[in-house]
Amino acid sequence: LPIKWLSKYVDIDVTSKELADGLTYSGSHVESINRLDKGIEKVVVGRIDKLEKHPHADKLLVCEVNVGKELLTIVTGATNLKEGDYVPVALIGAKLPIGLDIGETNFRGVDSQGMLCSLRELGYGDNVIPKEVRDGIFVFDKEYPLGEDASYFLDLDEDVIEFEITPNRPDCLSIFGMARETAATFKKTLKHPEIKVKNEVDDIFEYTNGIQVETPNCYRYYSRVIKDVKIAPSPMWLQTTLMNAGVRPINNVVDVTNYVMLEFGEPLHAFDLDMLNGRKIIVRQAYDNEKLTTLDGIERILSTDDIIIADDQMPIGIAGIMGGLHSEITPETKTVLLEGANFSSKHVRLTSKKFALRTEASTRFEKGIDPYLCNVAVERVCQLIEEIGAGT
């Protein structure tokens, strides 16, 4: 529970400790309170003004880095940089949470006056760092004030409270659910986000051949189509929000569905519509020995106890647990079918246990979710997709 995110829905005028104590008394067990920028000192925003090869080492680069009041010479082995990039810079005397103190170092005859930082060096765990930047220096998404504290622009200047949520409170497995708890506990007003899609076009039946629910174990299925999709990395605010909440950013469309799942507690799934046979969704029980390769690359042998999402030829997802590899969002995806559904908690729990496959979605569905959240969450995804310019 990142406090900054919580404060979007309820005014927080107490310390993190007082907030945690109050929520503990109301029934939510606090595991820990973590300050994300703990152990970080003297890390600022810098700009790479000049980049050239090291005169005595083929695998090193010499950077001229502008940190506002001065130009620094910094040697790096990173290969993902170019002139004009804005990066986090650890100055001489800086401290990093990995236990590193930065001093002036000489690399093959060139003095290096600091260090360019990766997300790992700033304290992020490998489980939340985007795969494409895991091994390189972190590059900011746009220009930021040179010489200012990099932690602020990375949203590291906040506390995150970790809770253990009991099985009977699935409503607390979301930021908004905890905002409701906070508002009730501290007698505050709960602020609902205003959800509105401004530029809705076309009819969904111009893109799909319908949705058929053929099992009584799917209580609701709500869908929209997003066209003109442009798959790209998410804006930095979205990436840092997800990372602070313990989720790895993947791409703009998947990140928005994960953001809204964390926000409202309603798992969502995005299918590449062009990969659906017959451009149709069928929600049904699986046939015995039907096969599906899930997003983790593992082939699953299904049975009639499992609820699946299918097109008119084959399974494309295990309902409430994980989507299929065939219809996943890729850099080539142009049209997305967005799913917000509600499934039998018993069936999701049994299937999840059978496959030893616990996901963020199954953790929520197996406890029971309000079916009225389906359309709220889908509309919220569409609103955010529109706001970040990822599709229509």
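Angles under 35 degrees count here as roughly parallel, those over 145 as roughly antiparallel, those from 65 to 115 as roughly perpendicular and the rest as oblique, the axes being lines fitted to C-alpha atoms, for helices over the stretch in contact, with angles running from 0 to 180 degrees between N-to-C directions. The structure described is a predicted model, in which local features need pLDDT of at least 70 and side-chain atom pairs count only at pLDDT 80 or more, while totals for chains, interfaces and linings use all residues. Residues are numbered from 1 along each chain as its sequence is written, and side-chain values use heavy atoms, with hydrogens and water left out. Helices (H or I, at least four residues) and strands (E, at least two) are DSSP runs, numbered from the N terminus.

An open sheet of three strands has the order S12-S20-S13, and its pairing is antiparallel, two strands being taken to pair if DSSP finds at least two bridges between them. Strand S12 (218–226) and S13 stand at the edges with a single partner strand each, so that one side of each is left without a neighbour in the sheet. On average, and with direction ignored, neighbouring strands of this sheet are turned by 25° against each other.

Strand S13 (residues 268–272) is largely enclosed by the rest of the structure, because five of its five residues are buried (under 20% relative accessible area, with exposed meaning over 50% and partly exposed in between, for a 1.4 Å probe and protein chains only). In a regular strand the side chains alternate between the two faces of the sheet. In S13, Leu 268, Ala 270 and Asp 272 point one way and His 269 and Phe 271 the other way, and all are buried. Five bridges join S13 to the antiparallel strand S20 (residues 336–343); Ala 270 stands opposite Leu 338, and His 269 has Glu 339 as its bridge partner.

Two helices pack on this sheet. H6 touches S13 and S20, and its direction makes about 165° with that of S13, whereas H9 touches S12, S13 and S20, and its direction makes about 15° with that of S12.

Helix H6 (residues 252–264) and helix H9 (residues 373–387) also pack against each other, at an angle of about 135° and with their axes 9 Å apart; they are therefore oblique to each other. The contact (heavy atoms within 4.5 Å) involves several residues of each helix, including Val 253, Tyr 259 and Phe 264 of H6 and Leu 373, Arg 380 and Ile 385 of H9. The residues of this contact divide into 11 nonpolar, one polar and two charged, where Ala, Val, Leu, Ile, Met, Phe, Trp, Tyr, Cys and Pro count as nonpolar, Asp, Glu, Lys and Arg as charged, and the others, Gly among them, as polar.
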